[in-house]
Every structure is written in structure tokens, then in C-alpha cells.
Amino acid sequence: MHIEKIRSDFPELKQKVNGNPLVYFDNAATALKPLQVIESVSNYYSDYNSNVHRAGHKMSALATTGYENARSKVAEFINAASPDEIVFTKGTTESINLLASIFENSILKDGDEIVLTQMEHHSNIVPWVALKEKLNLNIKIIDIDEKGQLLIDNIDDLWSEKTKVLSISHSSNVLGTINPVKELIALANKKGIITIVDGAQAIVHTGVDVRQLDCDFYCFSGHKLYSPMGIGVLYGKKELLETLPTYQKGGGMINKVTFDHVTYNVLPYKYEAGTPNVGGAIGLGEAIDYISSIGLDKIFNYEKELLNYATKKIIEIEGIKIFGNAEDKDPIISFEVEGVHNYDLGAILDQFGIAIRTGHHCAQPLMKKLCVTGTSRISFSFYNTKEEIDYFIEKINIAIKMLR
Amino acid sequence: MTIKEKEQELIEDFELFEDWMDKYNYIIELGKGINALQEEEKNEKNLVNGCTSQVWLLAEMKDGKVYYRADSDALIPKGIAALLVKLYSGNSPKDIMEHDPVFIKETGLEQHLSPNRANGLASMINKIKSYAGYYSKSIN
């Protein structure tokens, strides 16, 4: 991997903060974009922007091809059986909200049970809690151990005949833990429980094969995967999605409309109401091409190197505590320094040009479990370097001296 | 002293520092210098919303002047709160409500602590003014 060449693909890396070069360690929040992706979106808008599926003219044909090619690329990227199983959404949050909405009174009825985990992001908690209030659902939680790994030995005690849905993150945005999703899905499938995977983090750092996982639904966002914001994916098994009710209503998702009655379109259009984010989808397709051309295995191995290097250096800091020490992790390190508030640490590091994330990371129940109000978090991508990690260690030690 | 005079003094204090680290160290020291609130005072009612750390702000009125007290679990917000307490305490509700803070720009703090960043600076100023607003009603 030619790191310098890769870094030169990302224009934002040229930015300076307070006179210092940007050290971007907030990739779990959103990734930087390579010029190739930026240009693919810009080119769409300058050269062939048009509404899709709806018109018979040349520009529309080009736009439609661009959009549907992106869909095919996503299908191939996650090994879906067909592009019909790829629904474009705004992101992971919308994907999960879509499912919660269409499950209401179809899959999930009054008094049913769903299973989540202690480490979920709010986007995979709030839609279910809101539904719980409507349908009197019972939400069961898979707990975690001190390493931040799911406790699944007694999972059979957790679910019952009333359990209809299991919705879990593939990996944690706080702890970095990569969960044994394949194993859990197999157990759930035996019981006829519908499985949803929140893959927002994992899709970026792990190869995802939805047929190998055998999950019913897989959700992720484009913007963490080097693509524009406002585009995301809901993968769903065709046989299942075909039977479920529609979500948003309007143009594009219909077949015939009168004031009395509507018939709906086939998959995936059934779930894509209105004018889609064509530019976003094209950007996502380009991002998939970009990282595939570098080599996914190369990327994943390099990120593991960065994670190991950073972990080794960070544990030498006096008073440091790392949250999440699972065997298998995404390149994310959440930590706190004794006697120092995360906010202050983040503020000082920012002055040095280092972007980290501090706070509850949209995982308040997890924070409560860890007995903290927030943590500091550094998260890497394949354009980060060991030199940046060294710089971070040097500056965090200065910050700690100022703040203790 | 009027708020404007106190603000001028504040701006002059910061002029002594060229380095951002010195400015931050000064803010941190200011924070360490204020009296912490009692545990019961660190409640929901006194919490300043819009901060990623926790900041509590109290006010009381004495002889037509408003006096503030503040605390935070993080040092930099605590220092900023201390700075604002120093600036606004002991002035009338009317003067507090009418004051337009220019020190953020004049001290050069804007590029480090602009109200857009999640340090709650704007929220703290809002709460200070809203306390003043509340007290100005009780005068009339």
C-alpha cells in the first residue's frame, strides 16, 4: 500500500488547524472522501443530472444507469443474491427506522419481544423503544463482559416464543468489538427470529458477506465508507421484503394510483419513494470501486497494524483506561485518563490539529453500563499513519500535564 | 465597575498572552479559582444546556444586582464560566441583558472557543442573560 499516494487522494488531509496539519482520528464519526468520489458526484451534477426511472430521454437514461450501476456494485460488495435486495436509504438510521416502521403490526405485534445488546448505537435503540411504547413490546438486552464482548453462552435463556426480532451491531462504535454475528444469526434462525445487523462501522473495516452471515437485513451508511452523506443501504432478503408493507409513500414506489386505491411497485423501488439521492449513490459506487482497487485485505490488515501500534503506545500513559479490549476489534480505541475530563482533552488536542471524538458517542445505555458520562475516542482509517499516532501520543501527554 | 470596563480589563489581561497554550492555562487557572457549587446545587435546573460537559450556573439578586456562581466537571468550561461570572456579577439585570460581548473576538479566543464549538459558551451567555431577564421582571 502506497500510503503517500493514498493520502494525496484525500484533499481534506491538506487542511491545517491552528497552524498544524490535520490529524483526523474521528473516522468512526465520518470518513474523509477521496477526490475520485468527490469528482464522481460533481461530474454527475455537471454532466448527466436528470431524474431517474421516469423519463425516456438520454440524460435520464444516463442518470438511471449510473444509479442502478451503483446498486449493482453494492449488491456485489456485500454478496447479495440480487440488486433487488438493495434499497437505497439516507443512512443506517433511516434503514433501521424503515424496518421498525414496517414491522409495526406485521412482524411485531402487541406483547412481542425483541433482543438488542448493551453496546448499541441510539439508531438501533430509539426506533425500538419508540415502538415498544406503541406495542407494549418487551426489549431484552444481551449483556457485555469486562472486555466489551457479548455474553452469549446463555442466549437461549434470553429468548422465548414471543421473541420476533434480533437487532445487533456488527461492531461497536465505542468499544470496537466485532461481534460473533454469524453465530448469533444461526441461533436466531433456528428459532425463526428475524435478524437485523447494524453494519455502520463493520462495513468499513471488515468484509461483509450477507449470504454467509445469513442475516435477514443488513444496514449501513455511505458516509463512513468514504462516500457522501445522505446515502445508505438497507439489504433485505427478497422473500421477506416482498411480504412486508411499504414505508414512505409517493412517486416511484407505486404501480397504479387512483384516489381510492394504490398498488405498489416491485423491489427495490417499493421502498424508494420520491426522487432518490442519485449523486450520493454514484459516490457510494465510486467509493466501493476505489477501496476495492486498493485491496480490501490490504486495507484491513493495515488498519489492524495501526490499531495494535496505537494500543501499545496508549497503554503506557499513566492513568489511562481503555474501554473495549476484545480479541477482535475494529480500529477504534475508547479511553479515559484519570483525573482529566474528556471534553478538556479533546479541546487541547484540537488545538494541536488532532480531531478526536469525546462524549457519549450516541450510546448512552453503554456509557451507563461503563459507569462514565463519556469517553474519548480515536478511530483510524487507511489514510492514517504511525507518524500521526506518534504525534498524538506526544501531544496527549502535553495535554494531560496541562490538565492534571 | 461597568460590564464594559470589566470586559476591557479582561481583553487587556489576554493581550499578555501570545501563545494559545498560555491563554488556555489562564482559563484553566481561572476555573480552579472559583468556589465549587454544593452537590445539591449541581442539579437539572441549574444545568446549562448545549454543553458536552456539565456546566451549572446559579444566580441570585442582591440590592438590585445579579450575582452568579458556576461550576463544571471539565476544566476549560469551568474557566469560561468563571470568566463570565467575573464579567457579569454585580451588575444590574438591565445592563447584563443589554451587553453585547465583544471579548470573544477581541481576546482572540474566537478562533479557539468560538460559540459554534461545543463548549457551551453561547449557552452559558444565554443562561446568564435569561437569569437577568427573570430578575428584571421581578424588579418591575
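In this predicted model, seven strands of chain A form an open sheet. Their order is β4-β10-β9-β8-β7-β5-β6, and the pairing is mixed. Strands of a sheet pair through backbone hydrogen bonds, either parallel or antiparallel. The edges of the sheet in chain A are held by β4 (86-89) and β6 (138-142). Each of these two has a single partner strand, so one side of each is left without a neighbour in the sheet. From one strand to the next, the twist averages 20°.

One pair within this sheet can be followed in detail. Strand β7 (residues 163-169) and strand β8 (residues 194-198) of chain A run in the parallel sense and share five bridges. L166(A) has T195(A) in β8(A) as its bridge partner. A helix also packs on the sheet: α5 (residues 126-135) of chain A. Helix α5 touches β5 (113-117), β6 and β7 of chain A. The direction of α5 makes about 150° with that of β6(A).

Chain A is assigned two domains. Domain 1 covers 3-26 + 295-403, and domain 2 covers 38-292. The C-alpha centres of the two domains of chain A lie 28 Å apart. Their contact takes 23 residues from domain 1 and 24 residues from domain 2 of chain A. On the side of domain 1 that touches domain 2, at least two residues each come from α12 (296-314), β14 (332-337), α14 (364-370) and β17 (375-379) of chain A. Helix α12(A) gives the largest share of this side, four residues. By residue type, this side of domain 1 of chain A divides into twelve nonpolar, five polar and six charged residues.

Technical notes
Residues are numbered from 1 along each chain as its sequence is written. Chains are lettered from A and ligands numbered from 1 in the order in which they are written. This is a predicted model: local features need pLDDT of at least 70, side-chain atom pairs count only at pLDDT 80 or more; totals for chains, interfaces and linings use all residues. Two strands pair if DSSP finds at least two bridges between them. Axes are lines fitted to C-alpha atoms, for helices over the stretch in contact, and angles run from 0 to 180 degrees between N-to-C directions. Two residues are in contact if their C-beta atoms, placed from the backbone, lie within 7 Å. Domain bounds come from an automatic or database domain assignment. Ala, Val, Leu, Ile, Met, Phe, Trp, Tyr, Cys and Pro count as nonpolar, Asp, Glu, Lys and Arg as charged, and the others, Gly among them, as polar.
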